[in-house]
Amino acid sequence: MKSLYKDFGDVFDEKYDGTRGFWRWWTEPVAPYMQRGEFLILRFSPKVQLLNDAAFRREKSGLEGDDAYIFRVPKALPKTVVLEQIERELEGVNFEPKRRSKPRYSIVSEKVDIARA
């Protein structure tokens, strides 16, 4: 039960009442770069992300190991030059694709009436 509460949070909190409340709950950040809806029912697949300054600081503080590379890309360079330089930097790097994870919860019915409460 603790695991369920940890994943879904307090769904009876007044701030989640009604349609707007549902969307507030669904889009609430629960993990780095992830909203509750994504976290609960989507399969996780690593993706390339553009980090703003605050996100970079969070990411940098969480770097332990070698599961990601961070590049500083000057905006003044043409995209083709940037891509060439990144390719050159990644030469010889062994990428080991991991399987996509399973969703934490499966969708039983695609039709959900959130306006009914």
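Reader: What makes W25 count as buried or exposed?
Author: First, a caution: this is a predicted model. W25 has a relative accessible area of 8%. Buried means under 20%. So W25 counts as buried.

Reader: What makes W26 buried, exposed or partly exposed?
Author: Its relative accessibility is 24%.

Reader: How do you know which nonpolar core W25 belongs to?
Author: The largest nonpolar core has five residues: Y16, W25, M34, F39 and L40. Members of a core are buried and joined through side-chain atoms within 4.5 Å. In general, nonpolar side chains in soluble globular proteins tend to be buried together.

Reader: What is L40 in contact with, beyond its neighbours within four places in sequence?
Author: W25 is one of its contacts. Contact means heavy atoms within 4.5 Å.

Reader: How much of the protein is buried?
Author: Buried residues make up 11% of the 117 residues.

Reader: What kind of aromatic pair do W25 and W26 form?
Author: Their ring centres are 6.0 Å apart, and the limit for a pair is 6.5 Å. The planes stand at 45°. Stacked needs under 30 degrees and edge-to-face needs over 60. The W25 and W26 pair is therefore tilted.

Reader: How many aromatic pairs does that rule give?
Author: The count comes to five. One of them joins F22 and W23, with centres 5.0 Å apart and planes at 75°. The angle is over 60, so this pair is edge-to-face. F22 has 22% relative accessibility, so F22 counts as partly exposed. W23, at 44%, also counts as partly exposed.

Reader: Which residues form one aromatic cluster?
Author: F8, F22, W23, W25 and W26 form it.

Reader: Why is the contact of R36 and E28 called a salt bridge?
Author: The N to O distance is 2.3 Å. The cut-off is 4 Å, between a side-chain nitrogen of Lys or Arg and a carboxyl oxygen of Asp or Glu. The pair therefore meets the rule.

Reader: What about E28 and K15?
Author: Their closest N and O atoms are 3.9 Å apart. That is within 4 Å, so this pair is a salt bridge too. The pair links distant parts of the chain, 13 residues apart. E28 is in the loop between α2 and β1, and K15 is in the loop between α1 and α2.

Reader: What makes the nonpolar surface patch?
Author: Y69, F71, V73 and F95 make it, with about 410 Å². A patch residue needs over 30% relative accessible area. V73 has 40%, so V73 passes that cut-off. V73 lies in the loop between α4 and α5.

Reader: How many helices and strands are there?
Author: There are five helices and two strands. From the N terminus, they run α-α-β-β-α-α-α.

Notes
Residues are numbered from 1 along each chain as its sequence is written. This is a predicted model: local features need pLDDT of at least 70, side-chain atom pairs count only at pLDDT 80 or more; totals for chains, interfaces and linings use all residues. Side-chain values use heavy atoms; hydrogens and water are left out. Patches are made of residues with over 30% relative accessible area and no salt bridge: like charges are joined within 9 Å, nonpolar side chains (Val, Leu, Ile, Met, Phe, Trp, Tyr) within 5 Å. Accessible areas come from the Shrake-Rupley method with a 1.4 Å probe; for residues, only the protein chains shown count as cover. Helices (H or I, at least four residues) and strands (E, at least two) are DSSP runs, numbered from the N terminus. Buried means under 20% relative accessible area, exposed over 50%, partly exposed in between (1.4 Å probe, protein chains only).
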